[in-house]
Amino acid sequence: MLVNLVDPFGVIRNFVVKPANDFAFSLFVHYKNRTTEGVHNVRELLLKALIVLFAAAVIIWTAVFMYITFYYTYMPAIAHMRPVHMQFKTCDYVKGPCTYPSAHVSLTKKQQLLMVGQPYKVLVNIDMPETPQNQDVGMFMVCAEMRDQSTSLR
């Protein structure tokens, strides 16, 4: 109202107040649009980063899964341990065993344990109780025969 009394023709209102108001409003709209655009750019950047991280995680986990699958499928086991139960026949006229202790150990139960063409080292550890009968027998030799699936001697 004071502006109307001081400026009855609206000169100040049209040439000073309105341009200042329009300039301030356009400045406000400009910064608002830049802020909104920046927020959208940050959202896009975060979305792209999440997609890249997800893709990298999928690739890494796929590689780990494939390596573990390959390792357990194709790599032979480091060691195979089997219990061996020795058997022998006793004689009626001599106290003690009449035949040599022998045992049959199969390494091909439900799956093939040994890989074809792979060299292996066979170790036999025999733990026997220290009884007087075992000590009287003395030392003995172990003979092993390796046979393939067709039971031919190798």
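The protein has three helices and zero strands, and 3% of its 154 residues count as buried.

**Overall build**

- Along the sequence, the pattern reads α-α-α.
- Helix α1 covers residues 2–6.
- Helix α2 spans 11–74, and α3 spans 132–137.
- Among contacts with a separation of 6 or more, 20% are between residues 24 or more positions apart.
- The protein exposes about 15300 Å². Carbon and sulfur atoms supply 65% of that area.

**Confidence**

- The average pLDDT is 79. A score of at least 70 is reached by 84% of the residues.
- Confidence is highest in α2, at a mean of 88.
- Confidence is lowest in helix α1, at a mean of 63.
- Where pLDDT is low, the predicted coordinates should not be read in detail.

**Tyrosine rings**

- Across the whole structure, a search finds two aromatic pairs.
- One of them joins Tyr 71 and Tyr 72 in an edge-to-face arrangement. The ring centres are 5.6 Å apart, with 90° between the planes.
- That pair is called edge-to-face because its angle is 90° and the class takes planes over 60 degrees apart.
- Ring pairs link Tyr 67, Tyr 71 and Tyr 72 into a cluster.
- Tyr 72 counts as exposed, because its relative accessibility is 68% and the exposed class begins over 50%.

**The loop between α2 and α3**

- Tyr 100 sits in this loop. Tyr 100 counts as exposed, at 75% relative accessibility.
- Beyond its neighbours within four places in sequence, Tyr 100 is in contact with Gln 87 and Phe 88.
- Tyr 100 and Met 141 are 41 residues apart in sequence. Their C-alpha atoms are 9.4 Å apart in space.
- Leu 123 is also found in the loop between α2 and α3. Leu 123 is exposed, with a relative accessible area of 68%.
- Leu 123 and Met 81 are 42 residues apart along the chain. Between their C-alpha atoms the separation is 9.9 Å.
- Met 86 has its place in the loop between α2 and α3 as well.

- Met 86 is partly exposed, with a relative accessible area of 41%.
- Met 146 lies in the segment after α3. Met 146 counts as partly exposed, at 43% relative accessibility.

How values were computed: Residues numbered from 1 in each chain as written. Predicted model: local features only at pLDDT ≥ 70, side-chain atom pairs only at ≥ 80, totals over all residues. Heavy atoms only, no water. Phe/Tyr/Trp six-rings, centres within 6.5 Å; stacked < 30°, edge-to-face > 60°. Buried < 20%, exposed > 50% of the residue type's maximum accessible area, 1.4 Å probe, protein only. Helix = DSSP H or I, 4+ residues; strand = E, 2+ residues; numbered from the N terminus. Contact = heavy atoms within 4.5 Å. Areas by Shrake-Rupley, 256 points an atom, 1.4 Å probe, with all protein chains shown as cover. pLDDT = per-residue confidence, 0-100.
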